[in-house]
Amino acid sequence: MMWLKCFAIVAIVGAVLGPCGLEFFYFLYPPIADWCDWVGGLCLVPVLLLSLGALIKLRWKWITIFAVAWGLILLPVLGFVAPFAWLSHQGFHTHTLLDQNYLSRCRLIDVVEDGKTQKVGFCEHFDHLEICDFIMYDTTGQFVLPASRRTPEWKQAIAAVAANSLVSPDDDALHLFGSFYLVITISGPGCLG
């Protein structure tokens, strides 16, 4: 029976850490993110079966362990996405720290607003079939403003720098860290036009 306990622990750890690894490695190294997603999904089956076995046999210690595990596994489904967004942002931050020339690979242009020169730019994209993630650089911070409050100069600069992508000046963005933003677009296959 010792092997069953070890198997249960490995399955729980895989099911809980799979989504965490997916989020952390999403920008850092996508093949590992895909692998974590696959392992996490695969571990759900034994966790479900072992949970049902613990319920049938009324093993209270294991019922408690599985209840906590299912709570962690179902966090995103229940609407608690902040821990996973934090992991994703940390993975991107690590990605930029490991590549010390990351910003130099971005297509940056100057934007002059109120006499101040700011920079906006397009850094990279991640193509996930119908979903495209674009990493944008914006020292003005206007990506987090409503589209109606963004300046015409900024909109013109974003349209110029992202001319060959699906990003428009009216898209919403998520702040990653510093002056980096994530713009998510839904499209057909292919992110760049």
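**Notebook: cores and helix α2**

I looked up the largest nonpolar core first: it has 16 residues, and F134, M136, F143, I158, V167 and V183 have the most contacts inside it. For a core I took buried Ala, Val, Leu, Ile, Met, Phe, Trp, Tyr and Cys residues joined through side-chain atoms within 4.5 Å, buried being under 20% relative accessible area, exposed over 50% and partly exposed in between (1.4 Å probe, protein chains only). β2 (116-128), β3 (131-138), α5 (152-161) and β5 (180-186) each supply at least two of its residues, and α5 gives the largest share, four. Helices (H or I, at least four residues) and strands (E, at least two) are DSSP runs, numbered from the N terminus.

This is a predicted model: local features need pLDDT of at least 70, side-chain atom pairs count only at pLDDT 80 or more, and totals for chains, interfaces and linings use all residues. Residues are numbered from 1 along each chain as its sequence is written, and side-chain values use heavy atoms, without hydrogens and water.

Next I checked F143: leaving aside neighbours within four places in sequence, its contacts (heavy atoms within 4.5 Å) include M136, W154, I158, Y181 and V183.

Then I went to α2. Its buried residues include C36, V39, C43, V47 and L50, and the buried residues pack against α1 (2-28) and α3 (60-73). L48 is also in α2, but I found it partly exposed, at 43% relative accessible area. After α2 comes L58, with a positive phi near 55 degrees.
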